[in-house]
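Hello,

Here is the structure I said I would pass on. Please open it first, then read the notes below it.

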Amino acid sequence: MEQIELTYPAKRKIPKRAHVGVVGSGDMEVLLEPAEGAVAHVFIRTSVDGFGASWKAVLDRFFAKYDGAARIQINDAGGTPGIAQLRLEQAVEVSEQ
Amino acid sequence: MTDKRYGANFIHRQSFIELDARERATALIDAGTSRELLGPFERVESPWLAMQGVTPQEDDGCVVMKGKIAGQAAVVIALEGAFQGGSMGEVSGEKMTAALDLAYADSKKGTPTSAVILLETGGVRLQEANLGLAVIAELLGSILLLRKYAPVICLSAGMVGCFGGMSLAAGLASYVVMTREARLGLNGPEVIEQENGIDEFDSSDHALVWAIDGGEQRFATGLIDALVEDDTPQVVEAIRRFVGEGVPTVHRSSQVTLYRSRIGALDTSRQWDPKELRTLWTAKSATEGKQ
Amino acid sequence: MSEFTGIRGTVWFRALTGQASPMSGDPKSVLTSDAPIGKEQARFLCVVPDPHGRFPCARHGEVGLEEAYTLATRVREVIEQCKNTIKRPIVAIVDAKSQAYGRREETAAIFLAAAAAADAYGSARLAGHPVITLVVGQALSGGFLMHGYQANRILAFDDDGVMIHAMHKEAAARVTQRSVAELEKLGKKIVPMSYDIRDYAKLGLLYKLLHVENPEKPSVTDIRNVQNELAGAIADARGGPVDLRNHLESKEALEMRKASLLVRSKLEAHWLEN
């Protein structure tokens with residue numbers, strides 16, 4: 001298991017927390033919570049080691065559009081970048097509802 | 001008998017099996033009354049998985065939801081089969097035990113609080129081995145306490161099924177509900193094949209697996225109380241019905257004389273066609289045997 | 001397969017009851033007898049191998065269909081006898097290989113038989129019977145859930161031949177894709193995975209670890225000591241609650257089961273919020 005931490009700038013407060021997904025094979029759970037300040041912190045725990053660059057690419061792309069001040073935790077059981085993108089978008093959708 | 005699964009209304013079904021544990025629990029509780037206890041944001045996860053390189057899940061694969069079912073106090077405890085096969089670890093097991101004990105305390109104080117346990121599990125989580133087995137022993141004890149005051153209803157919907165030590169939870173339950181897709185047994189077919197060889201059990205023979213462990217067989221032999229389609233309204237209706245029925249006069253696991261004599265009457269010199277048991281152990285004779 | 005002879009169960013049953021035969025109508029694999037502990041008659045039960053048992057997959061000391069229902073019958077008999085009188089102690093002597101793994105067993109719903117045995121022991125405990133488990137050899141998996149784990153006090157011999165575990169080593173190694181040696185090494189780091197009874201004791205589930213000079217050929221002193229310890233456990237059980245909360249109250253549990261204790265306190269707090 002590998003742990004990855006990433007930080008991104010944020011511009012706005014977010015309305016509420018969200019939880020989506022399951023730590024099942026090829027999937028992941030995402031917890032998204034409002035955070036203080038103009039920054040977003042991402043904590044990733046993944047069962048597959050050595051994919052730090054892929055994670056960074058996924059999150060870079062996500063934060064190119066997302067500007068919420070959030071604490072995001074991802075618990076991953078081998079999901080693809082596509083699944084990561086999908087789960088993150090679902091979490092945002094729930095959080096903005 | 002026709003197979004209703006492929007009937008005309010099949011496509012209109014709202015699958016229950018496709019729901020995750022949290023969605024299942026929500027579906028069973030009266031709208032607007034549900035409240036999750038110790039949810040994922042509390043971050044009470046397994047302390048044993050990360051040190052073995054396994055990613056934990058924040059709710060440890062056990063969702064506890066309190067609310068009302070058919071207007072009566074209830075708690076739903078749902079295992080998430082997609083996380084570690086629904087296996088029982090220290091945290092998931094303790095969540096179940098604690099919820100059962102709280103339902104017992106309320107029931108004893110005059111608010112009968114039913115428990116609905118959603119079993120999608122292979123039993124003990126091997127990474128937590130002895131604590132997994134211990135929490136199962138403890139939650140079985142808690143089922144025994146609660147079921148005197150309020151019904152404990154076990155539901156196995158599928159697709160993981162219910163095996164290992166957790167099959168004893170189903171055995172102790174006041175009522176058991178299954179779908180055709182679900183399986184219930186102490187030892188999974190793979191385990192039997194590994195322990196005693198392919199001649200004893202060919203685990204790749206899916207027809208045989210379902211003929212023995214499947215919901216239809218368990219219902220036809222009087223070992224469970226309801227067989228439902230994989231349809232959320234049907235599942236909900238069955239659970240509401242058993243909450244309404246309250247504590248049964250006799251629990252199946254206490255009918256020792258009846259089942260002991262049934263075992264004594266079996267010809268053990270050969271393997272049986274599971275269908276034979278449907279004639280020998282009908283639901284009717286189970287009622288006759290109530291002492 | 002792990003070496004298992006089932007000798008210890010019979011040896012200790014005989015040592016504590018003076019005989020080793022089943023009750024009338026019972027299979028040879030279940031020994032039941034009433035014998036004195038202190039001033040009272042306790043009921044002793046033990047599952048032992050029977051190479052000629054009716055069920056082929058339950059001939060080597062496994063707890064199968066017949067064993068489970070026989071245990072349930074003999075435990076319920078004591079509950080019934082003591083309905084309006086002092087609750088006699090029940091002592092489960094455990095040296096059980098595991099549950100029985102067979103197709104006949106699954107077809108005839110061994111899950112229910114297992115539940116019936118746990119129900120009987122648990123109901124006896126809840127009715128106020130001191131239910132004491134003495135692990136003299138192996139106590140594995142579903143076998144232990146059926147015969148032993150519902151006790152309110154568990155004692156075990158401090159001996160390398162004693163093992164309490166969720167799955168026997170070979171199967172656990174297969175399932176986790178590790179060698180038995182790797183598994184043993186892991187057990188040193190992850191206490192609940194250990195096969196060593198001294199590590200099991202750290203989980204806080206045991207009432208006591210008992211030292212016995214020779215568990216397979218106990219001396220008169222060994223037997224007397226064990227009898228005294230059983231009497232102590234019975235008295236202690238009578239003085240405590242009938243549920244299993246003692247599992248979480250030992251000083252070992254306060255250390256090793258912090259997560260369990262956190263779950264209980266938080267869940268209770270959430271439950272009471274409205």
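**What was found**

Two pairs of chains are in contact, and of these chains B and C share the most contacts. Two residues are in contact if their C-beta atoms, placed from the backbone, lie within 7 Å. Chains A and C do not touch, and their nearest C-alpha atoms are 16 Å apart.

Before the rest, some notes on reading it. This is a predicted model, in which local features need pLDDT of at least 70 and side-chain atom pairs count only at pLDDT 80 or more, while totals for chains, interfaces and linings use all residues. Residues are numbered from 1 along each chain as its sequence is written, and chains are lettered from A and ligands numbered from 1 in the order in which they are written.

**Chains A and B**

Chain A gives 15 residues to its contact with chain B, and chain B gives 13 residues. On the chain A side, strand 3 (28–34), strand 4 (39–46) and strand 5 (70–76) each give two or more residues. Strand 3 of chain A has the largest share, three residues. Helices (H or I, at least four residues) and strands (E, at least two) are DSSP runs, numbered from the N terminus. The chain A side divides into five nonpolar, five polar and five charged residues. Here Ala, Val, Leu, Ile, Met, Phe, Trp, Tyr, Cys and Pro count as nonpolar, Asp, Glu, Lys and Arg as charged, and the others, Gly among them, as polar.

**Two helices of chain B**

In chain B, the axes of helix 2 (residues 90–108) and helix 3 (residues 129–146) come within 9 Å and cross at roughly 15°. Axes are lines fitted to C-alpha atoms, for helices over the stretch in contact, and angles run from 0 to 180 degrees between N-to-C directions. Helix 2 and helix 3 of chain B are therefore roughly parallel to each other (angles under 35 degrees; over 145 is roughly antiparallel, 65 to 115 roughly perpendicular and the rest oblique). Among the residues that meet are B:Leu100 and B:Tyr104 in helix 2, and B:Val135 and B:Leu139 in helix 3. The residues of this contact divide into 11 nonpolar, five polar and four charged.

**Chain C**

The domain assignment, automatic or from a database, gives chain C domain 1 (7–242) and domain 2 (244–274). The C-alpha centres of these two domains of chain C lie 26 Å apart. Their contact takes eight residues from domain 1 and nine residues from domain 2.

Regards
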